[in-house]
Amino acid sequence: MQSQQKHKNIIKRKILFVLFFILLSNSFSVFAQKEYVVVLDAGHGGKDPGNLGNGFKEKSIALKVVLKIGALLEKHKDVKVLYTRNKDVFIDLWKRGDIANQAKADLFVSVHCDSHTSNAFGAGTFVLGLRGNKKNLEIAKRENAVILLEDNYRDKYEGFDSNSAESVIGLSLLQEENLDKSLAIASLIQNNFTFKLKRNNRKVKQDNFQVLRETIMPSVLVELGFLTNRKEGSFLNSKNGQAKMANEIAVAIYSYIKNLKLNTVIDSVNTVATINEIKFKVQIGVGKNRLITKSYNFKGLKNIERKLFGSVYKYYYGNSSSYNAIKDSLEKAKSKGYKQAFIIAFKNGKKIALEEALKMPQY
């Protein structure tokens, strides 16, 4: 009897082993055939020239750089490139995001040039954040001011004031879930500017750009440099400068896509190997400050978890394998004043889309 049972167990293990490799093989096939959609956004355009430091035109430089980035990415068969504009036309900020959302893009990259009253110089990359410092907010206000040129802007952006920090701090659930990926691509771009092109490093920062708020996928806004700095403006206005900046952005984007592929395979393997390792948590906050996880810092909520992602900290409340139980935690967090709290899911300690977790058989 024991011999028969042992034989059955061996057969079961062999079946599971074969099934595992069939699924793994299929996952490689899926990710290999996956076409990654990248939406490139040339800032400003048409009646909105952007900044005109030293007579250089931001809208023209941004467009030329974006078209060069696109041409480089289109050489890869697994990348599909879309443009919010490919000529000198005015595009509403909401429409730029809508183009990316409708295309179900994997990445949105908006390209701009900066300006300043001083002789400031250097390249910087931004992701959407809750609130930056005063200098970053001034940049966001300049880029967001284009809203006032749009038809019926009061209806499209109800309650939005381009001069108010409070008007630009709301983040959607999907934007919050994509913050980690946005930080990842932003870091790749910024490192290329700094270490390969030796541009002055203005670092990766978070702030309140309306064009990023309109998207529901990982997204970044690149400030190539300052047109108000004559030397830097001349570089960005030149074919050589545009080609160099475009190349490093394209290289960073494709490196990001290759990392996505690797993560796709890992996720597929984990789904087979440890299908039950799902945990739900409630995200109640994100910021640059490292808070002590005591109840007095979180309106009386206990057992707060803090995780560092890039340069920001995320704070979680609750930890359960039951979705119904975590919904109770969400209601409690909201009752304490965390009105924008939301549920996230982890598989084997790695964050996954909530929709994916809920589709799994055991839920």
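Where is the place of Ser115? Ser115 sits in the loop between β3 (107-114) and β4, and that makes a handy starting point for a walk through this predicted model. With a relative accessibility of 13%, Ser115 falls under the 20% cut-off, so it counts as buried.

Now follow the chain into β4. All 6 of the 6 residues in this strand (residues 123-128) are buried, so β4 is largely enclosed by the rest of the structure. In a regular strand, side chains alternate between the two faces of the sheet. You can see that here: Ala123, Thr125 and Val127 point one way, Gly124, Phe126 and Leu128 point the other way, and all are buried.

Who are the neighbours of β4? On the one hand there's β5 (residues 201-207), paired with β4 in the parallel sense over 5 bridges, with Thr125 standing opposite Val204. Then there's β6 (residues 219-226), which pairs with β4 in the antiparallel sense over 3 bridges. Thr125 turns up here as well, with Val222 as its bridge partner in β6.

Zoom out, and these strands belong to an open sheet of 6 strands, in the order β2-β1-β3-β6-β4-β5, with mixed pairing. At the edges stand β2 (79-83) and β5, each with a single partner strand, so one side of each has no neighbour in the sheet. From one strand to the next, the twist averages 20 degrees. Further along the sheet, β1 (residues 36-42) runs parallel to β3, joined by 5 bridges, and Val38 stands opposite Leu107 in β3. Helix α3 (residues 93-102) packs on this sheet and touches β1, β2 and β3, its direction making about 170 degrees with that of β1. Helix α9 (residues 230-237) lies across β3 and β6, at about 120 degrees to β6.

There's another sheet to look at. It is open too, with 5 strands in the order β8-β9-β7-β10-β11 and antiparallel pairing. Here β8 (304-309) and β11 (350-352) take the edges, each with a single partner strand, so one side of each is left without a neighbour in the sheet. The twist averages 45 degrees from one strand to the next. β8 and β9 (residues 312-320) run antiparallel and are joined by 6 bridges, and Ile304 has Tyr317 as its bridge partner in β9.

Two helices to find on this sheet are α7 and α11. Helix α7 touches β7 (278-287), β8, β9 and β11, and its direction makes about 150 degrees with that of β9. Helix α11 (residues 323-335) touches β7, β9 and β10 (342-347), at about 125 degrees to the direction of β9.

Stay with α7 (residues 179-196) for a moment. Its 18 residues reach 25 Å from first C-alpha to last, close to the 26 Å expected. Among its buried residues are Leu179, Ser182, Leu183, Ile185, Ala186, Ile189 and Phe193. An α-helix has 3.6 residues a turn, so residues three or four places apart point the same way. After α7 comes Lys198, with a positive phi near 60 degrees.

Finally, a word on confidence. The chain averages a pLDDT of 78, and 73% of the residues score at least 70. Over residues 10-32 the pLDDT stays under 50, and the model has 10 contacts for them beyond four places in sequence. Residues 265-276 are also below 50, with 20 contacts beyond near neighbours in sequence.

Methods. Residues numbered from 1 in each chain as written. Predicted model: local features only at pLDDT ≥ 70, side-chain atom pairs only at ≥ 80, totals over all residues. Heavy atoms only, no water. Helix = DSSP H or I, 4+ residues; strand = E, 2+ residues; numbered from the N terminus. Expected span 1.5 Å × (residues − 1). Buried < 20%, exposed > 50% of the residue type's maximum accessible area, 1.4 Å probe, protein only. Pairing = 2+ DSSP bridges. Axes fitted to C-alpha atoms, helices over the stretch in contact; angles between N-to-C directions. Contact = heavy atoms within 4.5 Å. pLDDT = per-residue confidence, 0-100.
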